[in-house]
Amino acid sequence: MICEKYILNEAHGSYLMRYTFEKHPDSMPNVLKRPAVLVCPGGGYNYCCPREGDPVAMQFMARGYNTFVLEYSCGENAVFPNSLLDLCAAMKLIRENAESWGVIEDKIAVLGFSAGGHLAASLGVYWNDPEIMARSGCKNGENQPNALILIYPVISTSWMENQDQLARIIGNNDWDSTYKKLNLHTGVGKHTPPAFLCHTARDAGVPPKDSIYFAMAMLDAGVPYELHIFPNGGHGMSLGTHQVNTWGEDKSFAQWVQLSVNWLERLFENPDEGRAELPKDPYSSKY
């Protein structure tokens, strides 16, 4: 395994960790390039939670994926869209080095937990936003994710308002337009990649309705998604194992890892089928 750290924004303390397989053309010629998963830990845009970073990357690496973990702008540096620009820079760096790092360029999934889920979903919604393209230097889709894996994600501003975080994240931006942008379900469209979503019904930190909002928006846009709502468990369960879950092991919730891998394999092996338009909802859900 190759482990390297790449500084993205020194002033904000943001960087990318790379965990990739070494190439063995003689003994493993069929896997010189692999799909990748880029992990965005949660932490309320205050910090990046260690329980949702490296341990998650290792689980996906054990299943054959090259993996990356993003330490993005947090705290006073998390004014929108600073964290999103970090994620764009990470995606651009991965694609620029895809050949030497052994990454399949059109098979890169972005995985996010909680606020990191908000960040991952933001990329799925705004990767082709003119302002984001200009500020990130990603003018040719270098930052476009091929799939999203959103685990108990923040999607709406309800969490930010409840935790008095909204003013910090909006900063000096125009309030109304930024407020709307932070409610990510309002920006879902055909440009949004397929998504896997997972939540628990008892999550009191970020209510499961946030995942449902995003899934409903995907349905209305005709974009494929898979949604799992597990009956038990609180917020911030990470892998659901006793090593990283504050509340102990939860075997039911822990299924999300293999479920998401199964979903990714279907999507990446049959991208046309995975991106096939869903039938239109004749009742067009309102929310």
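**Close-up 1. Surroundings of L38 in the predicted model.** Leaving aside neighbours within four places in sequence, L38 is in contact (heavy atoms within 4.5 Å) with residues including L16, F68, L70, L87, M91, I94 and L111. This is a predicted model, in which local features need pLDDT of at least 70 and side-chain atom pairs count only at pLDDT 80 or more, while totals for chains, interfaces and linings use all residues. Residues are numbered from 1 along each chain as its sequence is written, and side-chain values use heavy atoms, with hydrogens and water left out.

**Close-up 2. The nonpolar cores.** A nonpolar core is a set of buried (under 20% relative accessible area, 1.4 Å probe, protein chains only) Ala, Val, Leu, Ile, Met, Phe, Trp, Tyr and Cys residues joined through side-chain atoms within 4.5 Å. The largest nonpolar core has 56 residues, and those with the most contacts inside it are L38, L70, Y72, L87 and F214. Helix 2 (residues 82-96) supplies the largest share of this core, 8 residues. Apart from it lies another core of 31 residues, among them V56, Y152, V257 and L264.

**Close-up 3. Helix 2 against helix 4.** The axes of helix 2 and helix 4 (residues 114-126), both DSSP runs of H or I with at least four residues, come within 10 Å and cross at roughly 75 degrees; the axes are lines fitted to C-alpha atoms over the stretch in contact, with angles running from 0 to 180 degrees between N-to-C directions. The two helices are therefore roughly perpendicular to each other, a term covering angles of 65 to 115 degrees. In the contact, S83, L84, L87, C88 and M91 of helix 2 meet L119, A120, S122, L123 and Y126 of helix 4.

Key: Buried means under 20% relative accessible area, exposed over 50%, partly exposed in between (1.4 Å probe, protein chains only). Angles under 35 degrees count as roughly parallel, over 145 as roughly antiparallel, 65 to 115 as roughly perpendicular and the rest as oblique.
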